[in-house]
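Student: I would like to learn how to read a structure like this one, feature by feature. Could you walk me through it?

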Amino acid sequence: MKTLYEMKLTVDAKSVNEGFCRVAVGTFAAVLDPNIDELSDLKTAVSEAVTNCIVHAYKTKPGKIYITVKITDTNAVVVKIRDRGCGIPDVEKAREPLFTTGGDDRSGLGFSVMESFSDKLKVTSKEGRGTSITITKIIRGKTSDAS
């Protein structure tokens, strides 16, 4: 898999930047001419990952979110969203539906949503060092839209 295009973005881990990250990644992926569903899926997965960074990574201090987006020769959009926050003690537990450390106002469905809207999801984390989420979405384009 060869990278054709790459973009890097660093933003403050603040809720005001969630929409910007979503749109920036979607706009960058537009070079592959995704259909509406593919674009919506990608943007939703990115929103969930960025929101996780904002809500969970930096509980006691401000921080940054680092995003790298690659477009490959296999029509894949590979989005890596990383923080340098508190990390996740048990990634497998965190990926279970309805599990949350965010209190009663969080649903615990973030990883489930990311997984359902991507073709591949990889999560790595180290306590005290941060979390990295890699979302891969294959773009089949307008021709795959059966409607």
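Student: Among contacts in the protein chain between residues at least 6 apart in sequence, what percentage join residues at least 24 apart?

Tutor: Happy to start there. A contact means heavy atoms within 4.5 Å. Among those between residues at least 6 apart in sequence, 65% join residues at least 24 apart. Please keep in mind that this is a predicted model: local features need pLDDT of at least 70, side-chain atom pairs count only at pLDDT 80 or more, and totals for chains, interfaces and linings use all residues. Residues are numbered from 1 along each chain as its sequence is written, and side-chain values use heavy atoms, with hydrogens and water left out.

Student: How many helices and strands does the protein chain have, and in what order do they run?

Tutor: Helices (H or I, at least four residues) and strands (E, at least two) are DSSP runs, numbered from the N terminus. The protein chain has 4 helices and 5 strands, in the order β-α-α-β-β-α-α-β-β from the N terminus on.

Student: How do I read strand pairing, and in which sense do strand 2 and strand 3 pair?

Tutor: Two strands pair if DSSP finds at least two bridges between them. Strand 2 and strand 3 are antiparallel, with 7 bridges. Strand 3 also pairs with strand 5, again in the antiparallel sense over 7 bridges. You can follow one row across: Thr68 has Lys80 in strand 3 as its bridge partner, and Lys80 stands opposite Thr134 in strand 5. In the hairpin of strand 2 and strand 3, 3 residues lie between the strands, and Asn75 takes a positive phi near 60 degrees.

Student: Is strand 3 mostly covered or mostly open?

Tutor: Buried means under 20% relative accessible area, exposed over 50%, and partly exposed in between (1.4 Å probe, protein chains only). In strand 3 (residues 76–83), 6 of the 8 residues are buried, so by that definition the strand is mostly covered. For the protein chain of 147 residues, the buried share is 45%.

Student: Which residues touch the most other members of the largest nonpolar core?

Tutor: In soluble globular proteins, nonpolar side chains tend to be buried together. A nonpolar core is a set of buried Ala, Val, Leu, Ile, Met, Phe, Trp, Tyr and Cys residues joined through side-chain atoms within 4.5 Å. Here the largest core has 36 residues, and Ile65, Ile67, Val77, Val79 and Ile81 touch the most other members. Helix 2 (residues 36–57) gives the largest share of this core, 8 residues. Take Val79: beyond its neighbours within four places in sequence, its contacts include Val25, Leu42, Val46, Ile67 and Ile135.

Student: How many salt bridges does a search of the whole structure find?

Tutor: Side chains of opposite charge can pair when their charged atoms come close. A salt bridge is a side-chain nitrogen of Lys or Arg within 4 Å of a carboxyl oxygen of Asp or Glu. The search finds 2. One joins Asp12 and Lys64 at 2.6 Å, N to O. This pair links strand 1 to strand 2 (residues 64–72), across 52 residues. Asp12 is partly exposed at 32% relative accessibility, and Lys64 is partly exposed at 35%. Lys137 and Asp41 form a salt bridge too, their closest N and O atoms being 3.3 Å apart. That pair connects strand 5 (residues 130–138) with helix 2, 96 residues apart.

Student: Is Lys137 buried or exposed?

Tutor: Lys137 counts as buried, because its relative accessibility is 8%.
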